[in-house]
Each structure stands twice: as structure tokens, then as C-alpha cells.
Amino acid sequence: MAEQTSSQQYVGKLAVFYSGQGDSLPFQQLAERLAVPLHQSLSSDSAEEFFLTWRDGCLKLLDCRACSRQARGIHTIHGDKELLKKGGLAVDIEPRNGEQRSWPAPKDGALAQALGRKTRTVVDATTGWGQDSLHIFRMGYELICIERSPVMAELLADGFNRLAQLDWMQRLNLESPRLLQGNAIELLADLESRPDCIYLDPMFPPKRKKSALAKKSMMVLRDLLGDDQDKEQLFEAALQAAGKRVVVKSPDYAEPLGGKPSQSFQGKLLRYDVYLKG
Ligand SMILES: C[S@@+](CC[C@H](N)C(=O)[O-])C[C@H]1O[C@@H](n2cnc3c(N)ncnc32)[C@H](O)[C@@H]1O
């Protein structure tokens, strides 16, 4: 993947959409921060394929490659139905299916096993849509999140703000995880303290061009950002910076990122490879 720290990468691909309702200032400021245009319509002849907009109280990413047939903005796409039925993808702050709705949720399942029983502090160096981060956070680990894509960082910041406002978060006096925007290969070297565990879930090339099993949100992420081609360097940086272990989430068909892992835990169509520091 080309270096993703600059928002110049989005020119011609992404714009901010303001529907004409409410204060336009946050939309203008978002467009300026990302150095992308601000549009007031989603006409099918606009060059951009992706749009960011606030809808239903969240910042959403609209994939408009699929919406020229209908009036843009009220389309639905198969998959991630809950997120898309009102149009657009946002960081989902609700617990995943099967996850217990308590805080801290029990540390069970393959992810918790991989993070390790003695782990207290975790850095998620590839936060993406924040789904693994939020799972880790809800299990009660102390968490810092890193994301290099400025667009994903905006979506995450919006999700983490919504999280902070939830009743249970306020009742328990909890703060959302800290979010750092930038390249983890550099940021990991500058952390104030060594985390017990660094968690990596970089983008691997898909086995097939379009996997029917891939979630819409992950397909959009790949289309917007591309595969992470510097994952070996990221792994090396994580190994240097971690206190006790590095955990790499991989599709089950991919070779282990750092060679033979110390341990592996099998999830559904994926694997958590654990590299313990000696
Ligand atoms: C497959 S997604 C992660 C999905 C995430 N685990 C989730 O649950 O939503 C990979 C993400 O890692 C980010 N990323 C990849 N390499 C990175 C790096 N060196 N520094 C920071 N972020 C990185 C990408 O921009 C992308 O958003």
C-alpha cells in the first residue's frame, strides 16, 4: 500500500457530503482536515466514489459506486445490513453477536486467549473499523488505538465520542480508548510506556478477488486503502515495542507474518498468532 499518512491520497476518490440540513461548519472543517472537496449533492456524475457525511447521529462512509441506480444516499447494499440500512458505514459501538453486555466482559474466546491472561495493557496498531479494539476494550484491557488512515481516524474518533456518551460508560466513569493517528511503524517507537501486548490486524490480500464472506465494511476498507504492503516492517516495529507479546490476526490461508509463532489460536476462518518475547 502506498504511504497512507497523507490525506492527498483521497483526492478524486473521496469527498465530504453536506445535505443542506443543519450547520455546515463541521462538514467544511472535515473537508479541510482531509483536503477533499465538499459536495452538496450526490449526483452520479461526481468523480468521487466515497463520501463522508453525518447521518443519524454518526459520521458515515458512503460507498457510492453502488448507488447511482437509486437516489444516492438511500441505498442499501448486501451485508452489514444493520449498518447500511440507513445508508453508510459507521464505527459500530455495539457489542458483537455473542459478546456479553457487561463491563468488563469475560476474557474468553480465542482473542482473549491470544492476548494472554497476564496482559493488562494493549496497543491496537491497526485499528481500522475498531471492532477488535472495542472487543478488547469491553473485556477491560487498558487500550491505545493507532490508525494511519486519516479517514478511518475521523470515523473512529466519531465512534469513540459516541461510546463515551453511553450510559454505562458514564455510570462506570470510563473513558474511550486513546486514539493516535499516524503510522504505527513510527508511533510505536515513541510510546510513553511499553504495552504488555501489541495487536496487529493488517490487511492481507484476499484469497479470491471478491470473497462472499468478506464483510462489506472490510471490502470498503480494502477498496479505499488497499492492502498493507509494509506489514513485515510493522511486525518488526511491534516486536521491538511490545513488553511481552505481539498478536497477529491473519486469515487462515495466510502464512504467519513473523515466521513460526510461539502459539496460535484458531477463530472462525482466522488465526491469532502469538509471538512471545523472550
Ligand atoms: C484489516 S484493517 C483492521 C480492522 C480492525 N481490526 C477492525 O476490527 O475493524 C487494517 C487497518 O490497519 C491500518 N494500518 C495498517 N498498517 C498500519 C500502520 N503501519 N499504522 C497504522 N495503521 C495501519 C489500515 O489503515 C487499516 O485501517
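Among contacts in the protein (heavy atoms within 4.5 Å) between residues at least 6 apart in sequence, 65% join residues at least 24 apart. The model is predicted: local features need pLDDT of at least 70, side-chain atom pairs count only at pLDDT 80 or more, and totals for chains, interfaces and linings use all residues. Residues are numbered from 1 along each chain as its sequence is written, and side-chain values use heavy atoms, with hydrogens and water left out.

The protein has nine helices and 11 strands. These are DSSP runs numbered from the N terminus, with helices (H or I) of at least four residues and strands (E) of at least two. Of the 278 residues, 51% are buried. Buried means under 20% relative accessible area, exposed over 50%, and partly exposed in between (1.4 Å probe, protein chains only). The protein exposes about 14100 Å², and carbon and sulfur atoms supply 48% of this area. Areas come from the Shrake-Rupley method with a 1.4 Å probe; for residues, only the protein chains shown count as cover.

Backbone geometry was examined next. Most residues other than glycine have a negative phi, and most peptide bonds are trans. A cis peptide bond joins Trp103 and Pro104, with omega at about -10°. Pro104 sits in the loop between α2 (81-84) and α3 (110-115). Asn173 has a positive phi, near 60°. This residue falls in the loop between α6 (167-171) and β7. Asn173 is exposed, at 70% relative accessible area. Leu269 also has a phi near 60°, a positive value in a residue other than glycine. Leu269 belongs to the loop between β10 (263-266) and β11 (270-276).

Side chains of opposite charge can pair when their charged atoms come close. The whole structure contains 13 salt bridges, each defined by a side-chain nitrogen of Lys or Arg within 4 Å of a carboxyl oxygen of Asp or Glu. One of them pairs Arg96 with Asp132, the closest N and O atoms being 3.1 Å apart. Arg96 lies in the loop between α2 and α3 and Asp132 in helix α4 (residues 131-138), so the bridge ties together parts 36 residues apart in sequence. Arg96 is partly exposed, at 30% relative accessible area, whereas Asp132 is buried, at 7%. Arg96 and Asp132 also join Asp201 and Lys249 in a network of salt bridges.

Asp230 and Arg148 form another bridge (2.9 Å, N to O). Asp230 is in the loop between α8 (216-225) and α9 (231-241), and Arg148 is in the loop between β6 and α5 (150-164), 82 residues apart. Asp230 is buried, at 13% relative accessibility. Arg148 is buried too, at 12%.

Lys244 meets Asp196 in a salt bridge (3.7 Å, N to O). Lys244 lies in the loop between α9 and β9 (245-251) and Asp196 in the loop between α7 (184-187) and β8 (197-200), so the pair ties together parts 48 residues apart in sequence. Lys244 is partly exposed, at 42%; Asp196 is buried, at 13%.

The second largest pocket holds about 540 Å³ of space. Its 22 lining residues include Thr121, Glu142, Leu143, Ile144 and Arg178, the closest to its centre. Strands β5 (121-124), β6 (142-147) and β7 (178-181) each supply at least two lining residues. A pocket is an open set of points on a 1 Å grid over the protein atoms alone, where a 1.4 Å probe fits, with protein on both sides within 12 Å along at least five of seven lines; lining residues have an atom within 4 Å of a point. Points are joined across faces, edges and corners, and the volume is the space filled by probe spheres set on them.
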